[in-house]
Amino acid sequence: MKQTLVAQVEDKPGVLNRVASLFRRRNFNIESLAVGHSEIPGVSRMTIVTDEEEYLRRNVIRTNLLKLINVIEVQDVTDMPCVIRETALIKVHAGSTERGQVMDVAEMYRARIVDVATDTLIVEVTGESEKIEAMIGVLDPFGIIEIMRTGKIAMTRGQVVPRNGSAAGVANNGNK
Amino acid sequence: MAELKTGAEIVWECLVQEGVEVVFGYPGGAILPTYDALNKYRDKIHHVLTRHEQGATHMADGYARASGKVGVAMATSGPGATNMVTGLATAMMDSSPIVCITGQVATGAIGGDAFQETDVTGVTLPVTKHNYLVMEVAELAQTIREAFYIARTGRPGPVLVDIPKDVQNAKIEFEYPTDPINLPGYHPPEKATDEELAAALELINKADRPVILAGHGVMMSGAMKELREFAEKGSIPVTTTLLGIGGLPDSHPLNIGMMGMHGLACTNHAIQEADLLIACGMRFDDRVTGKLETYSPKSKKIHIEIDASEINKNVKVDVGINADLGTVLRQINPGVKARNRAEWWGKIRDWQEDANEREILQVETPTLLGAQAIRAIWEGTDGNALVVSDVGQHQMLEAQYYEHEEPFTLLTSGGLGTMGFSLPAAIGASFNEKEREVWVIVGDGSIQMTITELATAVQEKANVKIAIINNGYLGMVRQWQQLFYEARYGETPIYSPDFVKLAEAYRMPGYRVDKLEDVIPTMRKAQEQDGPVLIEFVVEQHDMVYPMVPAGADLDAMIRRPHARFQNMEM
């Protein structure tokens with residue numbers, strides 16, 4: 001079962017390595033990890049999606065992350081109302097005859113064409129993973145050359161106070 | 001105006017400020033500026049030159065475990081630092097607070113495969129509680145302060161500080177920082193919530209067959225008195241882990257002995273039959289639980305543990321309390337109802353009776369047994385020594401036959417099972433121990449892993465008595481071969497030097513004993529002499545450690561010592 005964690009970490013050299021190393025040495029399955037600056041100077045925010053079946057192991061991932069000195073806070077947002085997004089860049093074969101069709105598909109998925117070459121297009125699509133998967137399926141017959149995905153980023157809906165970290169301690173006035 | 005100091009001097013200034021009196025280390029190119037600066041601090045800090053950096057880390061570890069203070073080890077870059085990895089991993093697994101300071105190539109050379117360059121923070125990341133690479137001399141003092149703070153607080157552990165050579169040489173105006181330590185992601189937990197307390201007390205007071213599992217955390221938290229009060233109030237049997245030995249005196253009537261793979265049979269039966277386990281500062285290691293699926297199936301479980309990630313890691317518990325053990329027990333004790341639990345104790349006494357009948361010490365044997373030698377060492381030291389055991393059969397026999405009355409009197413590598421730990425750890429511990437005798441109990445295999453440190457012991461006149469239990473085998477591995485590999489003793493018979501002559505070569509006294517009646521008289525000779533003394537005990541080669549729970553088996557599926565002991569021992 002998928003588990004989504006949002007972590008605040010100190011923006012220092014080697015912190016990403018510490019997090020990745022933790023997942024490797026504890027043999028936790030990591031599905032995606034996205035990291036970037038947050039609204040707080042010196043603090044980065046990570047979205048980590050894991051895939052662990054066993055309850056006990058799921059339970060200790062968060063506490064193990066918190067054990068890292070540079071990790072300030074970890075929220076398990078799996079069961080919370082969240083906005084979850086991912087962006088993909090998809091390069092497809094599209095000569096002059098297919099170009100229009102690909103552009104139609106892009107429009108249906110509210111994707112954008114961000115590069116046009118003689119025989120290829122790059123489509124930029126943002127959404128939940130299912131939408132990206134669906135679009136890849138539709139583009140596949142044209143001939144996909146390259147896919148680049150950012151991994152998921154997640155943010156809880158509504159007013160939350162991500163301080164004590166536990167899902168139970170978070171005010172929840174969002175709705176799906 | 002603040003004084004101008006080099007990074008190297010700042011290292012020593014910080015160590016002095018942390019109250020460090022002894023540093024175990026080995027010089028080399030990248031740490032030379034710091035060693036040169038040591039000359040200005042020799043009146044405050046004693047440096048012990050080890051023979052290998054692994055020895056330095058074990059010495060720091062032994063010193064830390066014996067003193068409760070942070071142990072410090074120092075080494076150069078590259079091979080000096082990588083030699084520390086085993087010591088760091090040992091300290092990590094057993095929550096021992098040490099700080100390792102390593103030299104690194106100059107900042108400009110990092111990443112270029114310079115001479116003796118290794119990515120030390122990368123290499124040691126999984127085996128340290130935290131580590132640092134200090135790129136600016138201005139950050140050095142605060143980093144060392146943080147390193148000590150992290151090492152000794154919360155669940156203690158090793159911290160490594162890697163300092164490039166140019167940072168050691170750089171000069172700045174120095175004033176020792178006094179700001180509070182600010183680590184936004186590090187907040188050791190303190191006490192239990194009211195809800196946790198109420199839930200725990202309800203389970204405790206209504207349990208008819210409770211057992212307290214006392215781990216290393218009892219001593220790390222200084223909760224010996226609280227644990228005793230807790231157990232006595234509710235007449236609750238206490239079993240200890242290997243590292244928990246000493247948390248409650250072995251002679252205490254509520255102490256039912258060590259649990260686990262080589263724990264007492266009665267203890268493992270009690271755990272399996274219990275209706276409540278109260279785990280105090282322990283982590284349900286596989287050597288303690290046996291097969292998890294069948295572990296203590298009838299019990300509710302309370303887990304009091306300072307490391308949140310240990311709660312619900314191996315064993316799912318009903319009440320998890322992530323806090324300092326001593327604090328929690330102080331909160332719990334007033335609410336514990338006095339009960340005698342006579343029926344439960346009746347059962348436990350029956351199991352104990354059965355164990356006594358199989359007791360090896362009651363058997364007449366033609367050869368000296370390891371257990372007899374260790375029991376005699378117990379007698380010869382009035383049960384009052386600081387014992388540092390190594391890893392293997394002798395380690396388990398020590399746990400079974402040397403009764404410890406005081407906390408911090410058994411040091412051993414539990415979690416990592418590091419052969420070679422004992423001699424250097426004992427040398428380290430001897431720098432703290434002013435009254436107690438320090439005894440090393442070590443096998444013929446283990447001693448040869450770090451035997452180089454005999455020279456350190458002699459050079460430092462370290463007051464350690466080294467008892468080598470020599471059975472000519474890597475005994476514990478041989479035991480597994482006998483039980484689980486149809487007695488194919490491949491690569492377990494091990495050749496040893498003449499240990500007595502070796503002791504002489506190192507210019508220390510050495511003796512050999514092969515009869516039970518000679519053990520104590522020889523010990524007396526050793527005890528009369530200051531400084532290191534080596535005694536080789538030549539013991540029965542094919543003896544086994546019983547009881548034994550085979551790896552992965554149910555905790556009460558123990559292989560017991562046969563009543564007619566020598567039946568299984570031909571060959």
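This is a predicted model: local features need pLDDT of at least 70, side-chain atom pairs count only at pLDDT 80 or more; totals for chains, interfaces and linings use all residues.
Q: How many of the eight residues of helix α14 of chain B are buried?
A: A residue is buried if 20 or more other C-beta atoms lie within 10 Å of its own, exposed if 12 or fewer, and partly exposed in between, with C-beta atoms placed from the backbone. Helix α14 (residues 325-332) is mostly covered, then, and the count of buried residues is six.

Q: At roughly what angle do the axes of α11(B) and α14(B) cross?
A: Two packed helices are described by the angle between their axes and the distance between the axes. Axes are lines fitted to C-alpha atoms, for helices over the stretch in contact, and angles run from 0 to 180 degrees between N-to-C directions. Here the axes come within 9 Å, and the crossing angle is roughly 35°.

Q: How many nonpolar residues are there in the contact of α11(B) with α14(B)?
A: α11(B) brings E226(B), L227(B) and F230(B), and α14(B) brings G326(B), L329(B), R330(B) and I332(B). Ala, Val, Leu, Ile, Met, Phe, Trp, Tyr, Cys and Pro count as nonpolar, Asp, Glu, Lys and Arg as charged, and the others, Gly among them, as polar. Sorting that contact gives two charged, one polar and, for the nonpolar class, four.

Q: Why is α16(B) called oblique to α17(B)?
A: Helix α16 (residues 370-380) and helix α17 (residues 393-401) of chain B have axes that come within 9 Å and cross at roughly 50°. Angles under 35 degrees count as roughly parallel, over 145 as roughly antiparallel, 65 to 115 as roughly perpendicular and the rest as oblique. That angle is why α16(B), relative to α17(B), is oblique.

Q: Which residues of α17(B) does α16(B) meet?
A: On the α16(B) side you'll find G370(B), A371(B), I374(B), R375(B) and W378(B). Their partners in α17(B) are Q393(B), H394(B), L397(B), E398(B) and Y401(B).

Q: How far apart are the C-alpha centres of domain 1 and domain 2 of chain B?
A: Chain B is divided into domain 1 (3-174), domain 2 (194-354) and domain 3 (359-545), with bounds from an automatic or database domain assignment. Between the C-alpha centres of domain 1 and domain 2 of chain B, the distance is 37 Å.

Q: Is Q75(A) buried or exposed?
A: Q75(A) is found in strand β4 (residues 71-76) of chain A. Because 24 other C-beta atoms lie within 10 Å, Q75(A) counts as buried.

Q: What share of the 176 residues of chain A counts as buried?
A: Chain A has four helices and nine strands, running β-α-β-β-α-β-β-α-β-β-α-β-β from the N terminus on. Of its 176 residues, the buried share is 27%.

Notes
Residues are numbered from 1 along each chain as its sequence is written. Chains are lettered from A and ligands numbered from 1 in the order in which they are written. Helices (H or I, at least four residues) and strands (E, at least two) are DSSP runs, numbered from the N terminus. Two residues are in contact if their C-beta atoms, placed from the backbone, lie within 7 Å.
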